[in-house]
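Okay, thanks for coming, everyone. I've got one model to walk you through today, so let me put it up on the screen.

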Amino acid sequence: MFRSLNVHDPHLINQHFFNPKNVGNIADAGAVARAGSVICGATLRLSLSVDESQRITDAKFKSAGCRYLVAASSLLTERVKGRTTAEAAVLGQSPKKAVIERLCSWPLDRDHCAALACEALISAIKQYSDSVREEWTGDEALICTCFGVSERRIEHEIKTGGLRTIADVTKACNAGAGCRSCYSLIEDILGTVNSEW
């Protein structure tokens with residue numbers, strides 16, 4: 001069974017499969033991630049180049065999988081170029097919006113291919129975010145690299161808003177809305193601040 005979306009070119013899957021964009025490796029990649037599927041055995045390697053303003057300047061992939069994985073990876077790497085890591089991470093949270101709705105005639109039994117491409121993207125952004133946090137030399141501890149939210153800002157939001165969950169913090173200041181690599185850090189801050197009160 002196929003989805004039918006009349007707003008896009010129905011041949012887009014074939015276009016991205018027979019003429020995929022961004023195949024290969026980035027020599028000095030800012031982040032490299034791998035993802036694999038237990039459903040079909042497919043594997044994917046995705047690399048990103050990110051500039052000093054956290055904008056993705058290049059994205060490439062290599063895959064061993066079906067035409068749907070190739071098409072999803074090709075489309076996704078095209079869509080994230082020029083976006084910030086935060087914007088790309090938010091996009092990657094929804095395989096349906098990032099890939100499936102863009103590629104017509106997408107079979108229901110291939111949703112895992114779109115999810116695998118998005119998983120690799122999120123994993124690469126998490127890796128990049130972790131490296132940014134490790135190299136951070138600012139006056140305040142940087143917690144959410146996707147949205148540039150400091151520890152002091154999160155503490156302030158928790159205290160003034162009586163926040164109790166990561167979702168509350170995300171709603172208040174966007175921390176955790178991107179790649180989510182900061183979830184454990186936000187959880188620690190919530191525990192510390194709330195135990196003091």
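This is a predicted model: local features need pLDDT of at least 70, side-chain atom pairs count only at pLDDT 80 or more; totals for chains, interfaces and linings use all residues.

So, the largest nonpolar core has 60 residues, and the members that touch the most others are L48, L76, V99, W106, I154, V169 and I186. Helix α5 supplies the largest share of that core, 12 residues.

What does I154 contact, once you leave aside its neighbours within four places in sequence? You get I143, V149, V169, C173, A175, I186 and I189.

Helix α6, residues 151-161, packs against α8 at an angle of about 50°, and their axes are 10 Å apart. The crossing is right-handed. On the α6 side you have E151, I154, E155, I158 and K159, and on the α8 side I186, I189, L190, V193 and N194. Sort that contact by class and you find six nonpolar residues, one polar and three charged.

Now over to α5, along with α2. Helix α2 is residues 67-80 and α5 is residues 111-135; their axes come within 8 Å and cross at roughly 40°. That angle makes α2 oblique to α5. The α2 and α5 crossing is right-handed. From α2, the residues involved are Y68, L69, A72, S73, L76 and V80, and they meet C113, A114, L116, A117, C118 and L121 of α5. What classes are in this contact of α2 with α5? It comes out as 11 nonpolar, one polar and no charged.

Q54 isn't a glycine, but its phi is positive, near 65°. You'll find Q54 in the loop between β2, 43-50, and β3, 56-64. Is Q54 buried or exposed? Its relative accessibility is 17%, so Q54 counts as buried, because the cut-off for buried is under 20%.

R180 isn't a glycine either, and its phi is positive too, about 75°. R180 lies in the loop between α7, 166-173, and α8, 183-196. With 38% relative accessibility, R180 counts as partly exposed.

Okay, that's what I had. Over to you.

Conventions. Residues are numbered from 1 along each chain as its sequence is written. Side-chain values use heavy atoms; hydrogens and water are left out. Axes are lines fitted to C-alpha atoms, for helices over the stretch in contact, and angles run from 0 to 180 degrees between N-to-C directions. Helices (H or I, at least four residues) and strands (E, at least two) are DSSP runs, numbered from the N terminus. Angles under 35 degrees count as roughly parallel, over 145 as roughly antiparallel, 65 to 115 as roughly perpendicular and the rest as oblique. A crossing is left-handed if the near helix is turned anticlockwise from the far one by less than a right angle, and right-handed if clockwise. Contact means heavy atoms within 4.5 Å. Ala, Val, Leu, Ile, Met, Phe, Trp, Tyr, Cys and Pro count as nonpolar, Asp, Glu, Lys and Arg as charged, and the others, Gly among them, as polar. Buried means under 20% relative accessible area, exposed over 50%, partly exposed in between (1.4 Å probe, protein chains only). A nonpolar core is a set of buried Ala, Val, Leu, Ile, Met, Phe, Trp, Tyr and Cys residues joined through side-chain atoms within 4.5 Å.
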